[in-house]
Amino acid sequence: MDVRTGNGFDVHRFGPGDHVMLCGIAIPHNRGLQGHSDADVGLHTITDAIYGALAEGDIGQHFPPSDPQWKGAESHIFLTHAAELARSKGFSITHVDCTLICEHPKVGPHALAMRHKLQELLGISLDRISVKATTSERLGFTGRGEGIACMTTATLVKS
């Protein structure tokens, strides 16, 4: 068996808006996240974790921010590409563990919906998807409410 683990990390700052996209779910909030695409830090880190496990670079190499066609793109496009690439190389995504780091919005009430969305996008069972959150105890940019960070680990298996 070929077992691989990849990690992803992403950060986006807050800006004008009335919601944030987190793991494919629109969460009502008094600000939005800024980015070249829809700035979904959850989907970005999961995408990068899959690319990392495949040794296929990162999201920016596959979808360069310098390319205007990706301006405002929905991040599920990136994740779907990474998952299809994994399958094309004979890998199954066996586990995803995503940690959102922010003071607000509160993730807990939306975590199950996020897991269901990831189940739909990745085609893996719900018991192999973890979405959780933590604060940074009011320290740093996330603690000051300037943005959201996220980190993800993904495990891929080829048998």
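Select strand β5, residues 92–101: β5 and β6 pair in the parallel sense over six bridges. Helices (H or I, at least four residues) and strands (E, at least two) are DSSP runs, numbered from the N terminus, and two strands pair if DSSP finds at least two bridges between them. This is a predicted model, in which local features need pLDDT of at least 70, side-chain atom pairs count only at pLDDT 80 or more, and totals for chains, interfaces and linings use all residues. Residues are numbered from 1 along each chain as its sequence is written, and side-chain values use heavy atoms, with hydrogens and water left out.

Next, pick V96; its bridge partner in β6 is I129.

Now select α4, residues 111–122, which packs on the sheet and touches β5 and β6 (contact means heavy atoms within 4.5 Å). The direction of α4 makes about 145° with that of β6; axes are lines fitted to C-alpha atoms, for helices over the stretch in contact, and angles run from 0 to 180 degrees between N-to-C directions.

Stay on α4 and show the side chains of A111, M114, L118, L121 and L122, which are buried (under 20% relative accessible area, 1.4 Å probe, protein chains only). Seen down the axis of α4, the buried residues fall within an arc of 85°, so they line one face of the helix; the arc is that of the directions from the helix axis to the C-beta atoms. Show their surroundings: these residues pack against elements including β2 (19–22), β3 (25–28) and α3 (76–88).

Key
Buried < 20%, exposed > 50% of the residue type's maximum accessible area, 1.4 Å probe, protein only.
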